[in-house]
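Subject: Structure handover and summary of findings

Dear colleague,

Please find below the structure that I am passing on to you.

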Amino acid sequence: MKVSLKFIYHQLVEINDTPHRKAMGLAIGVFCGIFPGTGPLAALAVSFVLKVNRAAALLGSLLTNTWLSLVTLGLAVKIGALIQGEDWQKIQTGAILNALGSVILGFVIVGGLLAMGVYSIAFWTLILQEKAARHKKESLFQ
């Protein structure tokens, strides 16, 4: 796991783009990756339309695709049902079409919150990394 996180960090840092476009691409990828069945293709399409970093979006969607959807499914159902004033236990045992609206709403909220968190962490990490790199370069020339 530590090696994977290190690899992901280096891949994201080495992408030649602004911290905002990289962080936004990663956040869009995470958001799209949360939704079952969408993942990388949706992340690439949305990142293309919004003109953010497609490589970061692809990376974010691959990080969350499917496995995180399974983890967040229960939370998405509960949040969607709560907002729509429904009993989440009835949604889980009820007809799939009746539950679909609550599940989608829940995934939008959970995905949105995760995406905002990922954006914030990635943006500030990339800003600090760029400042450290500039400082190191400046100290070499002094």
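This is a predicted model: local features need pLDDT of at least 70, side-chain atom pairs count only at pLDDT 80 or more; totals for chains, interfaces and linings use all residues.

Rings of Phe, Tyr and Trp (its six-membered ring) are treated as a pair if their centres lie within 6.5 Å; planes under 30 degrees apart count as stacked, over 60 as edge-to-face and the rest as tilted. By this rule there are two aromatic pairs. One joins Y119 and F123, which are stacked because their ring centres lie 5.6 Å apart with the planes at 10°. The other joins F123 and W124, whose ring centres are 5.1 Å apart and whose planes stand at 80°, so this pair is edge-to-face.

Residues are numbered from 1 along each chain as its sequence is written, and side-chain values use heavy atoms, with hydrogens and water left out.

Y119 and F123 are four residues apart in helix α7 (residues 96-140), which means that about one helical turn separates them. Helices (H or I, at least four residues) and strands (E, at least two) are DSSP runs, numbered from the N terminus. The protein chain has seven helices and zero strands, in the order α-α-α-α-α-α-α along the sequence.

As to accessibility, buried means under 20% relative accessible area, exposed over 50%, and partly exposed in between (1.4 Å probe, protein chains only). F123 is buried because its relative accessible area is 18%, whereas W124, at 53%, counts as exposed. Of the 142 residues in the protein chain, 35% are buried.

One salt bridge (a side-chain nitrogen of Lys or Arg within 4 Å of a carboxyl oxygen of Asp or Glu) was counted. D17 forms a salt bridge with R21, with 2.8 Å between the closest N and O atoms. R21 has a relative accessible area of 29% and is therefore partly exposed.

N16 lies in the loop between α1 (2-14) and α2 (19-34). With 79% relative accessibility, N16 is classed as exposed. N16 and N53 are 37 residues apart in sequence, and their C-alpha atoms are 9.2 Å apart in space.

Finally, where contact means heavy atoms within 4.5 Å, residues 24 or more positions apart account for 71% of the contacts in the protein chain with a separation of 6 or more.

Yours sincerely
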